[in-house]
Amino acid sequence: MTGQEAGQARVEIDTTKPHPARMYDYLLGGKNNFAADRETAEQVLRSWGTARSAARENRAFLGRAVRYLVAEAGIRQFLDIGTGLPSANNVHEVAQGEAPSCRILYVDNDPIVLAHARALLTSSPQGKTAYIHADLRAPEKILKDRATTQTLDFSQPVALMLVAILHFLPDSDDPQGIIATLLDALPSGSYLVASHVTPEHDPEGVGGLERTYQAAGVPTQSRTADEFTDLAFAGLAVVDPGVVLVSDWRPDSDSPRPLATEVNWYGGVGRKA
């Protein structure tokens with residue numbers, strides 16, 4: 001790691017409080033989580049029994065969206081905020097698998113993600129990856145960070161990845177203003193990829209998730225398809241097939257897909273004119 005990253009690595013990990021990145025890791029079958037994360041995630045599963053499969057569908061959506069952006073839209077730069085713990089098909093692995101010259105900046109506010117950042121920095125020789133410890137609620141800090149400016153060229157299109165993070169920003173955090181700040185910094189031809197949990201198809205199960213997270217000190221707000229679309233994609237040209245269940249966004253095969261009540265997660269891709 002660089003000196004800057006080594007300094008960041010001293011951020012203390014609080015294992016007594018659950019964190020969204022570690023709970024997501026647990027739902028995906030990962031091992032980088034603690035008792036508080038597992039206990040909270042298990043409470044979620046008692047309410048929303050298909051949360052594990054929903055998390056896997058969301059992760060698969062991420063991979064398909066990245067492949068589309070590189071192979072079809074010609075994107076070579078990614079700003080991935082709310083990265084989460086290293087898992088299968090990380091953004092740089094998918095992107096550089098299509099075009100080795102891709103450059104990726106990862107951002108997360110969980111110190112354990114920082115501790116595992118080396119796994120996110122295994123770039124191809126032609127491209128580059130970097131990681132900063134920062135919070136989506138401070139978009140200006142992310143944009144001005146030296147690692148950001150050294151990794152991304154803001155005169156060229158960038159894909160902003162806000163996957164499975166916006167539902168952790170209640171309206172009181174002004175998520176619309178945060179997204180606008182980030183998109184304003186990106187040039188024409190840039191893209192936004194976002195996904196969001198919805199209460200529409202299983203209000204009782206997803207409502208239980210919200211209550212469980214909130215009781216554990218994790219702000220959470222699920223949104224309908226219209227609310228999510230207005231929040232994330234206002235002013236953008238939404239790529240076909242639009243804002244749909246993550247399992248229905250450009251699936252790799254015609255095999256049967258899970259029911260809406262099992263997924264409860266919307267995703268979409270929008271282009272900045």
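**View 1. Helices α4 and α5 cross in a right-handed sense.** A crossing is called right-handed if the near helix is turned clockwise from the far one by less than a right angle, and left-handed if anticlockwise. The structure is a predicted model, in which local features need pLDDT of at least 70, side-chain atom pairs count only at pLDDT 80 or more, and totals for chains, interfaces and linings use all residues. Residues are numbered from 1 along each chain as its sequence is written, and side-chain values use heavy atoms, with hydrogens and water left out. The angle between α4 and α5 (residues 91–98) is about 35°, and their axes are 9 Å apart. Axes are lines fitted to C-alpha atoms, for helices over the stretch in contact, with angles from 0 to 180 degrees between N-to-C directions. On the α4 side the contact uses L62, G63, V66, R67, V70 and A71, and on the α5 side V91, V94, A95 and E98. Contact means heavy atoms within 4.5 Å. Seven of the residues in this contact are nonpolar, one is polar and two are charged. Ala, Val, Leu, Ile, Met, Phe, Trp, Tyr, Cys and Pro count as nonpolar, Asp, Glu, Lys and Arg as charged, and the others, Gly among them, as polar.

**View 2. Helices α2 and α4 pack at an angle of about 100°.** Their axes are 9 Å apart. The two helices are therefore roughly perpendicular to each other; that class covers 65 to 115 degrees, with under 35 counted as roughly parallel, over 145 as roughly antiparallel and the rest as oblique. Y24, Y26 and L27 of α2 meet A51, R52, A55, N58 and R59 of α4. The contact of α2 with α4 has five nonpolar, one polar and two charged residues. Helices (H or I, at least four residues) and strands (E, at least two) are DSSP runs, numbered from the N terminus.

**View 3. Helices α3 and α10 cross at roughly 160°.** The axes of α3 (residues 35–47) and α10 (residues 203–215) come within 8 Å, and the helices are therefore roughly antiparallel to each other. Their crossing is right-handed. From α3, T40, Q43, V44 and S47 meet E204, G205, G208, L209, T212 and Y213 of α10. This contact divides into three nonpolar, six polar and one charged residues.

**View 4. The largest pocket has a volume of about 670 Å³.** On a 1 Å grid over the protein atoms alone, a pocket is an open set of points with protein on both sides within 12 Å along at least five of seven lines, a cavity is a set where a 1.4 Å probe fits but cannot get out, and lining residues have an atom within 4 Å of a point. Grid points are joined across faces, edges and corners, and a volume is the space filled by probe spheres set on the points. The pocket is lined by 40 residues, of which H19, P20, A21, A164 and F168 are the closest to its centre. α4 gives the most to the lining, with five residues. The lining has 26 nonpolar, eight polar and six charged residues.

**View 5. The largest cavity has a volume of about 40 Å³.** Its lining consists of R59, L62, D80, T83, G84, L85, N90, V91, Y106 and L120. Five of these residues are nonpolar, three polar and two charged.

**View 6. A cis peptide bond joins D240 and P241.** Omega is about 10°, and P241 lies in the loop between β6 (237–238) and β7 (244–245).
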